Amino acid sequence: MKIINLCLMALTAATPIGAVSAAAAGEAPGSTPTSSETQSLPLSAAESSRFIYGTPGEEYPTNGGIPKEFWPFSSIKPYEKFFVTRTPFRGPGRDYPPPPNLKSLRIGLIDSPKYGANWDRSERTRAGIVQAIEEANRQRLPGELPFELVEHEGVAQWGGAANLAALLADENVLGYLGMIDGTDAHVALRVTLKTEIVMVNTSDPDPSLTETRIPWLLRVLPDQRQEEAKLVDSIVNRCGCRRIAILRAGDRFARVGSHMFGDFVRRLGCPAVQELLFSPGATDISYQLAAIKEAQPDAIFFLGEPADIGLFVRKFRDAGVKARFFGTDLLLEDEFLKNAGAASEGMMFTCLFDPATKDPLWVDFVSRFKTRWGHEPDVYAAYAYDGAQIMLSAIRRAGPNRWRIRDLVCNLDYYRGVTGWMRFDGTGSNIAPVRMVRYEQGRPVFEAEPEFAPPVARHL
Amino acid sequence: MKTQNSPSKRAIAAALSLLALLPLTRGSARPATAGAEGSPISTIVRFENFGEKDGLPSHKVHSVLRAKDGRLWLGTNNGLCLREADGRFRTYGTKDGLSHPTVLGIAEDTRTGDLWLATMQGLTRMSGGKLTAFTQTNSGLPNNVVYGVSVIGDTVWAATAAGTGALDLKNNSWKIYDQSNSAMNEPWCYSVAQGDGVVYLGVWAGGVVEFDPRTGLFKAYRDPDGDFQIQLTPDSGPVVDVTSGVAYDAGILWQSTYFGLSRYDTSRATWRTWVQDKSPLLSNFINTVFAHGKVAWLATDRGASVTDGTNWVNYSVDENGRGIVRTYRPGEETQVRTMTTALADGFVTAIWADDHEAWIATSNGLSHGIFAGPSGSPAVASNP
């Protein structure tokens, strides 16, 4: 275990304790936990314009809020729709006393395995979380307990994250963050239901993570469903492509993503003309290239690590393939451009938010981040920072009580972070719109999108 | 914390439960015990509750088992607990050899009396009073987080976060079943149940997998619509693929999920499903299911529920802490009644039951459900 004693912020040991009402526990959408209901501290003036709990009368959108043309069985009224309300946690705990002899407020972090594909991203995630905790601790008032990060490096083994999630419970964390890999996040989530410790996931894009109805999870990262609905809309509806091929990595991340992408293009009447796999790190894709070329696609969707995709788009262009190329937000990473070179020209892909925005919250965060770390934050650092802010605020307001912290995290409907407004659906996943980007002369050009904001934000 | 009443108080409470039960809504003046009439479902007339004040090592009880010798075992957040003959609780912890204080599941090898304990950090065997830990590093256990355990013949089955582990007791060898060598869509397993000559695996995001040890073949029962957001049609297969528990008895396979309940009649190869608000199901959120005969006991986040698929009796706790029992029978109005006693907590985590009693584990203590006798009087609880 690596415990980082960062400076500190937070709450007094004499935090009020009490039970929340059924509404505050998430019985229905539109339930706004007030300070009297939760016996928690109210939102500060600064927070009240960024945290929105409930929009009365509103039902959560299903299927991640994507257009109905992408839904499964969209022409049939299903027998039952799940996730139109948030799954409540009905168990006890909100009136339990704080742990004795508390010296800090512990927050867990499960990193990715070192030397794995996600290690660098995990480091960037960690930087965003550390930044949030350091800033919070610097604002600590005399007598308030510090936040403390309890960090574990991931284990490159199925189920490894489950062991770490169980360990974090033994280490008395009040909540935990992180996890890029979908497998890690899934197995850790299963443990959280038993340990009753809330997870704010900042970086796993697997849509099914939040579709498990375990009411101890909030995800701040828009997921693959958002990305691929946007992509397919661009490919088919905007660009008019009809013959679409898929080249994807043979791993779980790409399997989940390509499955969803394949469903979406099929529902628009354009089933994939070819779907082929490659081994991550492979350099010889001559078979896949020949087979895809033979299928005469007018669009190719690449899904995998950016270094691999960069290499492959160059090979495809060198082989004379004229199809439009598409990918996901990972292609913003340097390794793609390094390998793709001029073949990146015109490549279109998704981006979860616009890092070129002039939004003061974002600009100020970038400045602070650069001062602390010497470089600009990326998407992982940014969402990790936002996720950590949600966790820190909940702990500060709820006190050292895991069940009340859960209520404040998992009942959140909208949050205004450095990445913009987030909207959480009935599964607890951020469904804020994503946008498209394309490379022009080696530079990403972000397409203009209407700024997303909740209707109620106009009144704030 | 609600605690056990003294015997005299218990007797008074039992009498009151029969004489003073008043209907809350609809229904006739039929006593609460009437749920048992014409139905294979035994009805609880009274709860005895036990908490930390009574000697439980934790308010949170994850698992419960009445062993063949009549002893009651509890898996809690803070150790394995035995209810002694005098009613006192004795706790076994890590200092005694338990691999982790959190005991999520208990199974008995009825031939030897050995107990197998699923914990948050490994599997533990209790044999002759001695506890032995099996972990990823000292055995073939697939993962240290063990959600459920079952002893079927000569094999101990462990449902873990990274596959299903099968320990052959004859030669002390392990096999691991996961997505690479079985019909499991994902390796994450939540529970294991014994069928008639087959083994059922409750697989997270993989529905229910049936394994036939004689042939080595697997068969997966999956949600026919394959989507987590909807149930397209009822009674067509598992309600969803995210399985929280499986149980089997008398030819009936039950699947509990956080989306509802599924029942598979193996002799007719037919499915039935239930979701809350469209059926008497108390809540879609079912932590686990226990089968006894053709009846299923459901551990939900809103209380305990018992059903044979036709009749239902639901036990919940209202906002004032009163016990509420709702009885559903085909063609009759729902009976809703208060009880003089209530479950220790509405968040039920596990149940063990037979024809005489039910033991109900909750997140805030343990409840002993005492059934109505043949004449409507409480059956005598025979807990040692």
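This is a predicted model: local features need pLDDT of at least 70, side-chain atom pairs count only at pLDDT 80 or more; totals for chains, interfaces and linings use all residues.

Residues are numbered from 1 along each chain as its sequence is written, chains are lettered from A and ligands numbered from 1 in the order in which they are written, and side-chain values use heavy atoms, with hydrogens and water left out.

- Leaving aside neighbours within four places in sequence, Ile390(A) is in contact (heavy atoms within 4.5 Å) with Phe51(A), Leu218(A), Val220(A), Val409(A), Leu412(A), Tyr415(A) and Phe424(A).

**Helix α8 of chain A**

- In helix α8 of chain A (residues 286–294), the buried residues are Gln288(A), Leu289(A), Ala291(A) and Ile292(A), where buried means under 20% relative accessible area, exposed over 50%, and partly exposed in between (1.4 Å probe, protein chains only).
- The cover over these buried residues includes the chain A strands β9 (244–249), β10 (274–278) and β11 (299–303), together with α9 (306–318).
- Just after α8(A), Gln296(A) takes a positive phi of about 50 degrees.

**Chain B**

- Chain B has one helix and 32 strands, and buried residues make up 64% of its 384 residues.
- Among the contacts in chain B with a separation of 6 or more, 47% are between residues 24 or more positions apart.
- Chain B exposes about 13700 Å², of which carbon and sulfur atoms supply 47%; accessible areas come from the Shrake-Rupley method with a 1.4 Å probe, and for residues only the protein chains shown count as cover.
- Cys81(B) counts as buried because its relative accessibility is 0%, and Cys189(B) likewise counts as buried at 0%; a search of the whole structure finds zero disulfides over all chains, a disulfide being a pair of cysteine sulfur atoms within 2.5 Å.

**Contact between chain A and chain B**

- In this pairing, 46 residues of chain A are in contact with 48 residues of chain B.
- The two chains bury about 4100 Å² between them, 56% of it on carbon and sulfur atoms, where buried area is the accessible area (1.4 Å probe) that two parts lose on being put together, summed over both.
- Five salt bridges are counted between chain A and chain B, each a side-chain nitrogen of Lys or Arg within 4 Å of a carboxyl oxygen of Asp or Glu.
- The side chains of Arg90(A) and Asp301(B) meet in a salt bridge at 2.7 Å, N to O.

**Positive phi in chain B**

- Most residues other than glycine have a negative phi.
- Ala205(B), not a glycine, has a positive phi of about 65 degrees; Ala205(B) lies in the loop between β16 (199–203) and β17 (207–212) of chain B and is buried, with a relative accessible area of 11%.
- Asp277(B) has a positive phi near 75 degrees and lies in the loop between β23 (270–274) and β24 (286–292) of chain B, where Asp277(B) counts as exposed at 72% relative accessibility.

Methods: Helices (H or I, at least four residues) and strands (E, at least two) are DSSP runs, numbered from the N terminus.
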